[in-house]
Amino acid sequence: MNGHTADTGDKINVGIGEFCVGSMTMTSIGLGSCIALVIHDDYLKIGGVAHIMLPDSKGRSERPGKFADTAVPLLKNELMERGSRPRSLQAKIIGGARMFQQFRGDLDIGSRNADAVRESLRAHCITLVTEETGGTSGRSVTYSPANGGKITIKQASGEWREL
């Protein structure tokens, strides 16, 4: 199932508030304070990406990929419907930058997003194996479930690296 994604041919682009689950390569571009949540099942070579924009849905049910508290169970359930077992799921999170350096505390949405995703992963017993969060610049992510869950990150500076 895809949550309003754009198919660009060889990759599926997961836009703000959207999600995608499957074995195809997925990208999420322009992450600032947003989080790319990747949940991977290495045994089945499938996974999912949600482009999380805000930490709390406050009970809203539309666009569940948009919020940390709804995106985690959404991806977990989608993967379990495809045969994943909860113990085989591992998460990685990328993003959560503080795009406006003068913003701190509750106005630091990037830190709040990262904290909310970590908390929701704990609540759903999904292991967070690594993360690249924080900083003050944007990132884009490419995730390849069929290639061992390989994640490539492109910094706003143009620098590339694997996570």
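## Cysteines

Cys20 is buried, because its relative accessibility is 0%, below the 20% cut-off. This is a predicted model. The count of disulfides in it comes to zero. Cys20 takes part in no disulfide. Its nearest cysteine sulfur belongs to Cys34 and lies 17 Å away. A disulfide would need the two sulfur atoms within 2.5 Å.

Cys125 sits at the other end of the accessibility scale. Its relative accessible area is 66%, so Cys125 counts as exposed. Cys125 follows helix α2. Its phi is positive, near 55°.

## Overall build

The chain holds two helices and 12 strands. From the N terminus on, the order is β-β-β-β-β-β-β-α-β-α-β-β-β-β. The radius of gyration is 14 Å, close to the 15 Å that the globule rule gives for 163 residues, so the chain is as compact as a globular protein of that length. Along its principal axes, the C-alpha trace spans about 45 × 35 × 25 Å.

Buried residues make up 48% of the 163 residues. Among contacts with a separation of 6 or more, 60% come from residues 24 or more positions apart. The chain exposes about 8000 Å². Carbon and sulfur atoms supply 50% of that area.

## Helix α2

Helix α2 covers residues 109-123. How far apart should its ends be? At 1.5 Å a residue, its 15 residues should span 21 Å. The end C-alpha atoms are 21 Å apart, which agrees.

The buried residues of α2 are Gly110, Asn113, Ala114, Ala116, Val117, Ser120 and Leu121. They cover an arc of only 165° around the axis, so they lie on the same side of α2. These buried residues pack against strands β6 (35-41), β7 (46-52), β8 (89-95) and β9 (127-133), and against helix α1 (68-81). The face turned away from the buried side carries the exposed residues Glu119, Arg122 and Ala123.

## Ile151 in strand β11

Ile151 is found in strand β11, residues 150-155. Is Ile151 buried or exposed? Its relative accessible area is 0%, so Ile151 is buried.

What does Ile151 touch, leaving aside neighbours within four places in sequence? The contacts are Val38, Lys92, Ile94, Val141, Thr142, Tyr143, Arg161, Glu162 and Leu163. Contact is judged on heavy atoms within 4.5 Å.

## Thr27 in strand β5

Thr27 has its place in strand β5, residues 26-31. Its relative accessible area is 9%. That is under the 20% cut-off, so Thr27 counts as buried.

Neighbours within four places in sequence are again left aside. Thr27 is then in contact with Lys11, Ile12, Asn13, Val14, Val141 and Thr142.

Terms used
Residues numbered from 1 in each chain as written. Predicted model: local features only at pLDDT ≥ 70, side-chain atom pairs only at ≥ 80, totals over all residues. Heavy atoms only, no water. Helix = DSSP H or I, 4+ residues; strand = E, 2+ residues; numbered from the N terminus. Buried < 20%, exposed > 50% of the residue type's maximum accessible area, 1.4 Å probe, protein only. Expected span 1.5 Å × (residues − 1). Arc of directions from axis to C-beta. Rg over C-alpha atoms; globule rule 2.2 N^0.38 Å. Areas by Shrake-Rupley, 256 points an atom, 1.4 Å probe, with all protein chains shown as cover.
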